[in-house]
Amino acid sequence: MRHLSFTDLARRIRRHRDAIVNAIVERLSNGLTESTNTKTRLIIRRGFGFRTADAVIALVMLTLGGDHPTLPGRQLTAD
């Protein structure tokens with residue numbers, strides 16, 4: 001008696017074997033991309049009511065872009 005689900009799994013593993021091995025060897029993952037997408041969706045939800053898409057894009061870039069500009073009236077602090 002064959003289990004079709006295991007047969008399908010074996011076929012998929014064979015078909016994608018090179019990509020699976022490369023992901024393991026090179027330690028590649030789509031985790032960073034998924035995390036960024038999730039954070040972006042949260043920011044967009046939080047930004048509900050902005051009048052333009054540019055305002056939401058600016059908020060996403062400010063939050064996730066990595067730059068930390070000095071705000072007016074504030075002193076630069078060492079990290």
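**Terms and their cut-offs**

Tutor: L71 is found in the segment after α4; helices (H or I, at least four residues) and strands (E, at least two) are DSSP runs, numbered from the N terminus. This is a predicted model, in which local features need pLDDT of at least 70 and side-chain atom pairs count only at pLDDT 80 or more, while totals for chains, interfaces and linings use all residues. Residues are numbered from 1 along each chain as its sequence is written, and side-chain values use heavy atoms, with hydrogens and water left out.

Student: Why is L71 called partly exposed?

Tutor: Buried means under 20% relative accessible area, exposed means over 50%, and partly exposed lies in between (1.4 Å probe, protein chains only). L71 has a relative accessible area of 45%, and therefore counts as partly exposed. L71 and R12 are 59 residues apart in sequence and 52 Å apart in space, C-alpha to C-alpha.

Student: What makes I24, by its relative accessible area, buried or exposed?

Tutor: I24 is found in helix α2. Its relative accessible area is 64%, which is over 50%, so I24 is exposed.

Student: What makes F6, L9, I13, I20 and I24 a nonpolar patch?

Tutor: Patches are made of residues with over 30% relative accessible area and no salt bridge; like charges are joined within 9 Å, and nonpolar side chains (Val, Leu, Ile, Met, Phe, Trp, Tyr) within 5 Å. These five residues form such a patch on the surface, with about 510 Å² of accessible area together. The elements giving two or more residues to the patch are α1 (4-15) and α2 (17-25), and α1 gives the most, with 3 residues.

Student: How do you know that D8 and R11 meet in a salt bridge?

Tutor: A salt bridge is a side-chain nitrogen of Lys or Arg within 4 Å of a carboxyl oxygen of Asp or Glu. The N to O distance between D8 and R11 is 3.2 Å, so the pair meets the definition. Both residues lie in helix α1, 3 residues apart, about one turn of the helix. D8, at 32% relative accessibility, is partly exposed, and R11, at 42%, is also partly exposed.

Student: Why is α3 called oblique to α4?

Tutor: Helix α3 (residues 31-46) and helix α4 (residues 53-64) pack at an angle of about 135°, with their axes 10 Å apart. Angles under 35 degrees count as roughly parallel, over 145 as roughly antiparallel, 65 to 115 as roughly perpendicular and the rest as oblique. The angle of about 135° falls in the rest, so α3 is oblique to α4.

Definitions and conventions:
Accessible areas come from the Shrake-Rupley method with a 1.4 Å probe; for residues, only the protein chains shown count as cover. Axes are lines fitted to C-alpha atoms, for helices over the stretch in contact, and angles run from 0 to 180 degrees between N-to-C directions.
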